Structures are given as structure tokens and as C-alpha cells.
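I opened this model to look up a few charged residues. My notes follow.

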Amino acid sequence: MATLTEDLVIGDVVKMEERMAFSREVLTLATSQTISLGEVLEPDSAYVKAGAVAGNISAIALEAVTTTSATADILCLVRHGIVDIDRMTLNSLTEADVVTQLKTLGIVPYSESSILETQET
């Protein structure tokens, strides 16, 4: 039997955000980056890049974007939201580091799978 695999959409990662896109900003992605939807991002001078430093997360990518020699705009969640951390790309960061940093941005991470496990017991 064939297996159907679907790509992530924003609603898989972002479960709640402020009305009228208040939680979102378009940021400039640095060169030589391949970013997936739900990936944590960190500042890189005037740009953002894939997040890899604990305590330095500034946004969550809301679209997949690849840059080569030029920068590109990327839609990001930067404040006030609820996200499913199981659907995010944390790069080399631990879940605990990401959770702590997102909370400082007003973004509440939760794990949908742990909620389901709790309901089953």
C-alpha cells in the first residue's frame, strides 16, 4: 500500500497567533541558507540565519526558503503565539533551550504528542 506524505503547512507549526498578522514579520534571510518551515532562526547582523546558538533564537520560519549568493525575504513568527515544538526544526539546539528562548519572545511551545499521550493514559 502506498504511503501519502504531506509537506508541513503553517497550521501544523503555529497553533495560535495574534490577529491581523501582528505576530509575524518579514525578515531578510542571509545568503547560503536553506530554511524549512518551522525552523528556528537567529540574528546575523542585519539578517537572520538558521539558529544554532542557545539563547539567541529570534524567530520561527513560516515558509521554506533557500538562498545562494543573494539574500531573500522570509515570513517569520516573532512574537505572541503558540507553536507545536514537535513540528519544528531545532537544528543542534536542545528542546529545553528552544523552549526557554521562545518564552522570552512571548511564543508558547507545546508538544501535541505529549498531550495525546496524557489523554490516552
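Is glutamate 25 buried, partly exposed or exposed? I found 32% relative accessibility, so glutamate 25 counts as partly exposed. The cut-offs are under 20% relative accessible area for buried and over 50% for exposed, with partly exposed in between (1.4 Å probe, protein chains only).

I noted the ground rules. This is a predicted model, where local features need pLDDT of at least 70 and side-chain atom pairs pLDDT 80 or more, while totals for chains, interfaces and linings use all residues. Residues are numbered from 1 along each chain as its sequence is written, and side-chain values use heavy atoms, without hydrogens and water.

Next I looked up salt bridges (a side-chain nitrogen of Lys or Arg within 4 Å of a carboxyl oxygen of Asp or Glu). The count is four. One of them joins glutamate 25 to arginine 79, with the closest N and O atoms 2.3 Å apart. Glutamate 25 sits in strand S2 (residues 24-29) and arginine 79 in the loop between strand S8 (72-77) and S9, so this pair ties together parts 54 residues apart in sequence. Strands here are DSSP runs (E, at least two residues), and helices are runs of H or I (at least four), numbered from the N terminus.

I also found aspartate 12 paired with arginine 87, at 3.7 Å between the closest N and O atoms. Aspartate 12 is in helix H1 (residues 10-13) and arginine 87 in the loop between S9 and H2, so the pair links parts 75 residues apart in sequence.

Last, I checked glutamate 39. Glutamate 39 is buried and has no salt bridge. Its side chain reaches the backbone nitrogen of serine 36 at 3.0 Å.

Notes. Lys, Arg positive; Asp, Glu negative; His and termini not counted. Polar contact = N/O pair within 3.5 Å; in protein donor to acceptor, adjacent residues only side chain to side chain.
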